[in-house]
Amino acid sequence: MFGAVGLVGSYFGFRWWRDKPRPVPQIETKYITPNDDFYTISIDTGFVPAVTKDTWKLKIDGPGGRGYSLSYDELLKLDRRRVFKTFMCVGNEVGGPAMGNAEWTVTPLAPLISRVVEGEKNGLRVVFHALDGFYSSVPLDVAMAGQSFIAYEMNGETLPGSHGYPARVLLPNIYGMKQPRWLSRIEVTSRSESGYWEKRGWCGECNVRMTARIDSAVSQKDGSWMVTGIAYCGDKPPARVEISDDQGISWREATFTSERQPNAWATWQFPWKAEKKGEIILTARVVDSAGNRQIESYTGNFPSGATGLHRVIVRV
């Protein structure tokens, strides 16, 4: 009995710790995350791909034995685009650092998959296999979406080894765990295939949970404060970020300081004048372009991603 009570106490203690406001981190977040600062999480932290642009081949297989392969040079000759795209880890806590936004050089995924899919498409899934043994799958319509790509450059440079060289997958509105690096094979199948992390209890489709994060609050010469942060809404652009300094009784709108695009975060700022001295809690929330507001109730990150409003302490 005492063991059960201890477990319950530990659980609610963790929830209190997780949801508790913390001092504002005072970090400067730019629209583009430098490659070296972009978070990485791997099933094998020591993995180094043993391929070069001359030896790498991307195999694409479909039902009925249809299939073909692409060399690295052939990949680079396909339709070439540049897109902004944010990755967020499903394990990221509210206000956490496991997020990054980059400009990726890509080619659309749909034309590559269309070459191996004919006839009935209902029930088909696309499985992405990686050189490190990782794999994940999504419904066919997700892989065929207009914002689904294969990326081979990051912020104007050849894709770094830690970020998936020679190629990685970019998919809309889902967490990073569904978008493999070090891509080696794309398989279209009627099997009910899931993925590496799903078999360990994490979510299946894993749609991104909208979030707004407060990154800094810097005092100004006139006695005011400049509050800055980011907002991310998955496949819809952020439309409005609101800040509260009275525990959510009233809200005021921040100003965006970057472009707003689907599948990418936006940066924002908010000039704030404190009405009292002491420790003040600032809270942020975001609304997307369709009018959806982020989930305000707090949940942990397992199994489908954390929800809740980011709150920080500013000492005035």
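This is a predicted model: local features need pLDDT of at least 70, side-chain atom pairs count only at pLDDT 80 or more; totals for chains, interfaces and linings use all residues.
Visitor: Why is the aromatic pair of W202 and F302 called edge-to-face?

Guide: The ring planes of W202 and F302 stand 80 degrees apart, and pairs with planes over 60 degrees apart count as edge-to-face. The centres lie 4.8 Å from each other, and the limit for a pair is within 6.5 Å. By this rule, the model holds 12 aromatic pairs.

Visitor: What parts of the chain does the pair of W202 and F302 tie together?

Guide: W202 belongs to the loop between β11 (183-189) and β12 (211-219), and F302 to the loop between β18 (279-288) and β19 (310-315), so the pair ties together parts that are 100 residues apart in sequence.

Visitor: Is F302 buried, exposed or partly exposed, and what makes it so?

Guide: F302 has a relative accessibility of 47%. Buried requires under 20% and exposed over 50%, with partly exposed in between; F302 therefore counts as partly exposed.

Visitor: Why is the aromatic pair of W225 and W272 called tilted?

Guide: The planes of W225 and W272 are 50 degrees apart, at 6.3 Å centre to centre. Stacked pairs need planes under 30 degrees apart and edge-to-face pairs over 60, so the rest count as tilted. This pair links distant parts of the chain, with W225 in strand β13 (residues 225-232) and W272 in strand β17 (residues 266-272), 47 residues apart.

Visitor: How do you know whether W225 and W272 are buried or exposed?

Guide: The relative accessible area is 13% for W225 and 1% for W272. The cut-off for buried is under 20%, so W225 is buried and W272 is buried as well.

Visitor: What makes R200 a charge over the ring of Y196?

Guide: The charged end of R200 sits 3.6 Å from the centre of the Y196 ring, and the distance limit is within 6 Å. K85 lies over the face of F87, at 5.2 Å from the ring centre. F87 also belongs to a cluster linked by ring pairs, together with F38, Y39 and W104.

Visitor: Why do β3 and β7 stand at the edges of their sheet?

Guide: The open sheet of 5 strands has the order β3-β2-β11-β6-β7, with mixed pairing. β3 (67-71) and β7 (135-139) each have a single partner strand, so one side of each is left without a neighbour in the sheet.

Visitor: How do you know that β2 and β11 pair?

Guide: Strand β2 (residues 57-61) is joined to β11 by 3 bridges, and pairing needs at least two. The two strands run parallel, and I60 has I186 in β11 as its bridge partner.

Note on methods. Residues are numbered from 1 along each chain as its sequence is written. Side-chain values use heavy atoms; hydrogens and water are left out. Rings of Phe, Tyr and Trp (its six-membered ring) pair if their centres lie within 6.5 Å; planes under 30 degrees apart count as stacked, over 60 as edge-to-face and the rest as tilted. Helices (H or I, at least four residues) and strands (E, at least two) are DSSP runs, numbered from the N terminus. Buried means under 20% relative accessible area, exposed over 50%, partly exposed in between (1.4 Å probe, protein chains only). A charge sits over a ring if NZ of Lys or CZ of Arg is within 6 Å of the ring centre and within 35 degrees of the ring normal.
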